[in-house]
Protein chains: 2
Amino acid sequence: MDEDGFTLRDRTVCVVGLGLMGGSLALALRDRVAALTGVDVDPVTRAAALERGIVSRAADDLTLAREADVVVLATPVRTIIRLVGEIGPFLRPGALLFDIGSVKGPVVEAMNALPEAVGAVGGHPMCGKAEAGLRHAEAALYEGAPFVLCRTERSTEVALSIAGAIVNAVGARMIVMDAGWHDRAVAFISHLPYALSAALALTAGTYAATDPLAWSLAASGFRDTSRLAGSDPLMMADILLTNADAVLETLDAARGSLEELSALIRRGDPEALIAYLERVQQIRHDWERQRS
Amino acid sequence: MDEDGFTLRDRTVCVVGLGLMGGSLALALRDRVAALTGVDVDPVTRAAALERGIVSRAADDLTLAREADVVVLATPVRTIIRLVGEIGPFLRPGALLFDIGSVKGPVVEAMNALPEAVGAVGGHPMCGKAEAGLRHAEAALYEGAPFVLCRTERSTEVALSIAGAIVNAVGARMIVMDAGWHDRAVAFISHLPYALSAALALTAGTYAATDPLAWSLAASGFRDTSRLAGSDPLMMADILLTNADAVLETLDAARGSLEELSALIRRGDPEALIAYLERVQQIRHDWERQRS
């Protein structure tokens with residue numbers, strides 16, 4: 001028994017989806033559980049996971065999930081939702097179904113329909129990096145990151161305790177939160193940054209196609225603001241589609257804010273523009289302060 | 001005589017505006033020139049510049065510029081334009097007037113009206129950092145950065161050579177470019193990233209004001225995409241106002257791109273959305289590749 005009163009040590013964990021996030025979770029957990037197995041549709045990824053010892057067994061279907069005490073879904077969100085719908089009859093009674101997808105409302109809804117003998121908790125770790133795929137996975141990825149847990153109608157005390165033990169084991173900070181609230185918040189602080197970064201890449205890229213020398217002037221400002229545009233399109237498309245209402249709300253708000261800036265520039269009144277940009281700077285400085 | 005055939009060693013340089021950019025330029029140049037003096041309206045900044053030995057003399061008016069062989073204007077852009085208009089009669093014949101403002105068209109236009117005995121070149125180093133002010137100045141800031149030079153009607157061969165020697169002395173890479181072309185290119189790869197970063201800070205900040213817990217979910221994606229929102233409002237207002245036409249063009253294009261993304265999300269067709277996001281990722285990857 002660990003400090004949470006639940007031992008991961010005698011439990012078998014199966015991670016479905018061995019990309020950057022699933023692979024990193026497996027790396028952080030493998031020495032703290034009885035066995036760690038993996039499911040991935042890509043044979044190259046399965047071979048690499050076995051070779052690096054990240055998983056002890058690997059398969060391309062859900063047979064390994066059937067034997068596990070804890071199943072972690074770490075695929076793109078639309079696949080998570082589909083798998084939650086399919087996996088119920090395969091899970092052993094008392095097993096925990098857990099996921100680490102970026103949108104929680106539709107996942108929790110699907111988990112609510114699971115058989116009553118199954119425990120289920122939604123999860124969303126707030127970390128990642130620019131490069132996707134198992135070869136960029138690292139055990140330290142989750143360290144210090146906020147890790148959201150969302151209750152479902154299948155969240156027994158045991159299920160919540162095991163999920164919490166996983167969060168602790170990977171070194172993250174647990175935040176328990178309502179799924180709907182989570183989805184609206186991440187639309188503003190995670191999905192909107194991606195959308196704006198994408199708009200920058202497209203707009204600047206379209207211009208640079210007419211004059212490639214423009215790229216030679218790009219410095220750290222362009223680099224940082226466009227970083228998220230390099231994110232995996234499959235993962236991001238699932239996020240934007242499954243969180244559509246909240247994402248559309250943030251896109252409308254951001255367009256409104258760009259229109260306001262355009263109007264201030266057209267007006268040409270330095271004092272009004274400076275006041276607007278001081279508000280912008282204040283928000284960013286306040287965020288930095290509360291963070292440290 | 002150095003490799004460029006021009007010696008900075010026997011020239012006196014006066015830097016007007018001892019902020020991050022002017023202070024860093026002074027630090028990188030001070031041991032390579034006959035004397036380095038500074039002008040700043042802020043007495044605390046002048047005292048700090050003298051104490052750190054960044055300048056040998058400091059004043060709050062243009063008297064020191066009158067004695068210098070090279071005058072570098074390193075204030076916000078609207079102040080640069082005003083100073084170029086005022087400083088002509090003060091400069092000694094054969095002196096070089098140089099600036100490091102982020103917008104070049106209106107500066108070059110003002111330089112074209114200088115007395116014929118004066119040399120003048122516009123400059124724009126593509127570097128910086130999040131923190132403003134002399135206390136963040138460092139000699140290495142310009143190392144390896146692209147440094148744009150724009151010809152004016154006062155750009156004699158001697159003037160261009162001295163400007164080039166300054167670029168070399170601070171370790172930057174010279175790019176000679178038409179001012180109008182420069183202004184349109186930087187609108188897309190420098191001013192638009194700032195505007196999008198500002199829109200993110202305002203939109204997310206307005207939401208977080210209704211629910212401060214949202215901030216606790218913000219991770220590296222929000223941090224990087226909102227970094228430029230922390231830029232100095234006075235400097236940025238001058239840039240947006242003096243480059244208004246090009247900036248408004250980029251803001252319209254970015255709004256159009258966000259509208260396109262909204263339409264794709266509303267349509268709910270995964271294939272079309274993925275194709276769009278793959279274009280985004282490709283642009284960002286292509287930019288990274290040509291950069292390395």
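## How the two copies are related

Copies are superposed by least squares on the C-alpha atoms of residues with pLDDT of at least 70 in both. On that basis, chain A can be laid on chain B with an RMSD of 0.0 Å by a turn of 180° and a shift of 0.0 Å along the axis. The two copies are thus related as by a two-fold rotation axis. Of the residues of chain A, A:T225 comes closest to that axis, with its C-alpha at 2.2 Å.

A word on conventions before going further. This is a predicted model, in which local features need pLDDT of at least 70 and side-chain atom pairs count only at pLDDT 80 or more, while totals for chains, interfaces and linings use all residues. Residues are numbered from 1 along each chain as its sequence is written, and chains are lettered from A and ligands numbered from 1 in the order in which they are written.

## Chain A as a whole

Chain A has 11 helices and eight strands; helices (H or I, at least four residues) and strands (E, at least two) are DSSP runs, numbered from the N terminus. Its C-alpha atoms fill a box of roughly 65 × 40 × 35 Å, taken along the principal axes. Of the 292 residues of chain A, 55% count as buried. Here a residue is buried if 20 or more other C-beta atoms lie within 10 Å of its own, exposed if 12 or fewer, and partly exposed in between, with C-beta atoms placed from the backbone.

Among the contacts in chain A with a separation of 6 or more, 72% are between residues 24 or more positions apart.

## Two domains

Chain A is divided into domain 1 (12-177) and domain 2 (182-291), with bounds that come from an automatic or database domain assignment. The C-alpha centres of the two domains lie 31 Å apart.

Where they meet, 14 residues of domain 1 of chain A are in contact with 13 residues of domain 2 of chain A. On the domain 1 side, the elements giving two or more residues are helix 4 (77-87), helix 5 (105-112) and strand 7 (146-151) of chain A. By class, that side has nine nonpolar, three polar and two charged residues. For these classes, Ala, Val, Leu, Ile, Met, Phe, Trp, Tyr, Cys and Pro count as nonpolar, Asp, Glu, Lys and Arg as charged, and the others, Gly among them, as polar.

## The interface between the chains

The contact between the chains takes 75 residues from chain A and 76 residues from chain B. On the chain A side, two or more residues come from each of helix 7 (179-210), helix 8 (220-225), helix 9 (233-242), helix 10 (244-267) and helix 11 (270-291). Helix 7 of chain A gives the largest share, 20 residues. This side divides into 51 nonpolar, 16 polar and eight charged residues. Because 100% of the interface residues of chain A are also interface residues in chain B, the copies meet through the same surface.

Helix 9 of chain B (residues 233-242) is mostly covered, with nine of its 10 residues buried. Among them are B:M235, B:M236, B:I239 and B:L240. The buried residues of this helix pack against helix 10 and helix 11 of chain A, and also against helix 4, helix 5, helix 7 and helix 10 of chain B.

## A helix pair in chain B

Which helix does helix 4 of chain B pack against at an angle of about 5°? The partner is helix 5 of chain B (residues 105-112), and the axes are 9 Å apart. Axes are lines fitted to C-alpha atoms, for helices over the stretch in contact, and angles run from 0 to 180 degrees between N-to-C directions. The two helices are therefore roughly parallel to each other; angles under 35 degrees count as roughly parallel, over 145 as roughly antiparallel, 65 to 115 as roughly perpendicular and the rest as oblique.

At this contact, B:I80, B:I81, B:V84 and B:G85 in helix 4 meet B:P106, B:V107, B:A110 and B:M111 in helix 5. By class, there are seven nonpolar, one polar and no charged residues.

## Two residues up close

A:G23 is found in helix 1 (residues 20-29) of chain A and counts as buried, with 29 C-beta neighbours inside 10 Å. Not counting residues up to four places away in sequence, A:G23 touches A:L18, A:A49, A:I54, A:L134 and A:A137.

B:R30 sits in the loop between helix 1 and strand 2 (35-39) of chain B. With 18 C-beta neighbours inside 10 Å, B:R30 counts as partly exposed. Leaving aside neighbours within four places in sequence, B:R30 is in contact with B:L36 and B:I54.

Terms used
Two residues are in contact if their C-beta atoms, placed from the backbone, lie within 7 Å.
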